[in-house]
Each structure stands twice: as C-alpha cells, then as structure tokens.
Amino acid sequence: MAGLLGSLLLLVLQTFAAPPDFVPAGDLDPEGLQWANGTAGPSLAPPPGTSQRVPHSIIIGVRKGGTRALLEMLDIHPSVAAAATEVHFFDWDENYSRGFDWYRGLMPYSYPHQITVEKTPGYFTSAQAPERIRAMNASIKLLLILRDPAERVVSDYTQVYFNRLEARKPVRPIEDLLVRGGALNTRYKAIQRSLYHLHMRNWLRYFPLEQIHLVDGDTLVRDPLPELRRVERFLELPPRIAASNFYFNQTKGFYCIRSDGRERCLHESKGRPHPPVNGTVLRQLRAYFRPHNRSFYRMVGRTFHWH
Ligand code: A3P
C-alpha cells in the first residue's frame, strides 16, 4: 500500500510539477500542449507491465528549433513514450550529480515495446552533455532539430522578452542586444547558440555523425509528415504517423496534432509573432552567419536553405 501511494505521489509530482530549480529565470520555456477540447489529465496509476527507463533517444536541441513540436509529433507514435518536462540532466551539474536513478525517475512509464524519448534543448550547446550522454549509452540515437540561425536568434530573443515581461523585468529592443558599439554583438548568447558548427564539433568528438539525425525545423513547420517519416526510419520504428495526424490551424498559423480522438495545438508560447528587426541589422546578422553555416554544411555533409 505504502509502495503504491509512493508511486502515485511520484507520478503526480512528475506530471504536475517541474521542480522550481529546473528553469533558470528569464530562460523559462513554457511547455506543454493546449487541448482543443479542454480535456487533459494523464491517468495517475502506472499501468501494469510498465516501467520507467532511461531514454533510448534524446532530442538534444537546438533551443527554439522546434524541439517541442518534434517531441509531441513523435509522441503520436504508439511505440514512443515521451518525457513530459525538460529534464536538464546532462547540462546542469546540480541535476547530473543526483545520478541516473533520479534521471530515470523523471521518465514516463512505458511498455517494453516502447522507446523512451526526452528532449532538453540546452544539451546541444552544453560543453559536458555529449560526454555525459555517451557515458550513459554510447549507442543512443540523438535527434537534433535546427532552423535558420538568424530566425532562431529572433525566436530566442522573443522567448526571453516575453518571460521578462511576465516576470515584470525590464525589456530592451532586439537591436540593443544585437548591436554593441556600432558592430554586431557576437557575444550575445542568442547569437552564440546559433553557431551550429561550434557545438556540433563537440558532439562529433563523442558520437559518429550517423548517430545524430538532423531534422529540418523549417520543413517541419511547413510539412511535418516527411520529417517525421525520416525520424521513424532513423529510430527503426514501423511507420505509424500519418497525414491524418496533422491539420493546419488557421488561427494559430501552424500544424496541430490529431491523435487518440483529440485535437491539440502547441502552447501559445510556440509560434508567437516575432518583433520586426531593423533591416540593416538583420542583414549584418545573416552575413555573419553565412561562413559559419557553410562550415556546418561541410561538417554534416548536407545543405540547409538558410539565408
Ligand atoms: P517561434 O515561437 O519562434 O515561432 P522550441 O519548441 O524548440 O522552443 O521551438 C519553438 C518553435 O517551434 C517555434 O518558434 C515554432 O516556429 C516552431 N514550431 C514548429 N512546429 C510548430 C507547430 N506545429 N506549432 C507551433 N510551433 C511550431
């Protein structure tokens, strides 16, 4: 009885409360889905025959690349069990020091035929995450969703902007952060995170390229199914995600998900309008990324349609 109560309590905690120290102030990424019919609510008792297992696959980033959309769309697959919250196990020392049992305890209950997937976008830009993930499972399958690096900067800014507004902190126009002393402020964190080849180089020190599947985040927005098909193949899952699992929501301006008789869109923080950026500054930003993007294309042997 005590054991059952214990697991119930754990499940309730897991489902409804990300520990407050999970998210750095100002960087908070509101997650989750909005159910079109207003229903929600996972069942409380773990179904018999299920257990919590460390991930078979991790979405490592990139922040604002479309990581939540990718996870939720992948979760349509009956053989996938997705972690509800961003765990920040491999990128935050404090969490990593809690050990693998703590990590496993944050994973969803899954059946033996299912694979567990978690996503923490901060892993991609973390210096320690690749080595730590390899130490857990050297043959793990990694998913990396990327989008146009300049667009990603603006999206990153927009997220922090709204988080600061909510926290009643002062906000600045994006140009103030992008430009310092008349030149592009390349030390701005959002720009640093978009230098994909620098971060990718670190991952390739620990994993072969074949173990990191790249998802085109710009394509996922326009036409999710082909990207999901490629992910199914990479994860060696039978194709189960279908065109009927997606519908375009005119109000949101994005694809939403239809599965298990329910329709749902991503949280309102996903797909927010971006602020207009001064044209000259935007051109400077795009020009700055051009050689970095080329380095990335060479590194991964593939071209993306970034400006
Ligand atoms: P914007 O909010 O800047 O448009 P992440 O989940 O990694 O934070 O990424 C957020 C981005 O996911 C959004 O950035 C949006 O462009 C993208 N996205 C991709 N598919 C989406 C979908 N179906 N609904 C909402 N956002 C989606």
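Ala81 has Thr116 as its bridge partner in strand S6. This pairing belongs to a predicted model, where local features need pLDDT of at least 70, side-chain atom pairs count only at pLDDT 80 or more, and totals for chains, interfaces and linings use all residues. Residues are numbered from 1 along each chain as its sequence is written, and side-chain values use heavy atoms, with hydrogens and water left out.

Strands here are DSSP runs of E with at least two residues, helices are runs of H or I with at least four, and both are numbered from the N terminus. Two strands pair if DSSP finds at least two bridges between them; S4 and S6 (residues 115-119) have three, in the parallel sense. Zooming out, five strands make an open, parallel sheet, ordered S4-S6-S3-S7-S10. At its edges sit S4 (80-82) and S10 (212-216), each pairing on one side only. Neighbouring strands are turned by 25° against each other on average, direction ignored. Such angles run from 0 to 180 degrees between N-to-C directions, using lines fitted to C-alpha atoms, for helices over the stretch in contact.

Helix H9 (residues 196-204) lies across S3 (57-61), S7 (141-146) and S10, at about 155° to S10. Helix H11 (residues 224-234) packs on the sheet too, touching S7 and S10, and its direction makes about 170° with that of S10.

Now for the rings. Rings of Phe, Tyr and Trp (its six-membered ring) pair if their centres lie within 6.5 Å; planes under 30 degrees apart are stacked, over 60 edge-to-face, and the rest tilted. That rule gives 22 aromatic pairs. Phe89 and Tyr96 form a tilted pair because their planes are at 50°, with the centres 5.1 Å apart. Phe248 and Tyr255, by contrast, sit edge-to-face, because their planes are at 80°, with centres 5.2 Å apart.

As for accessibility, buried means under 20% relative accessible area, exposed over 50%, and partly exposed in between (1.4 Å probe, protein chains only). Phe89 is buried at 0%, while Tyr96 is partly exposed at 24%. Arg132 lies over the face of Tyr96, 4.2 Å from the ring centre; the rule asks for NZ of Lys or CZ of Arg within 6 Å of the centre and within 35 degrees of the ring normal.

Finally, there is one disulfide, a pair of cysteine sulfur atoms within 2.5 Å. Cys256 and Cys265 form this link, with sulfur atoms 2.1 Å apart, and both residues are buried.

Methods. Contact means heavy atoms within 4.5 Å.
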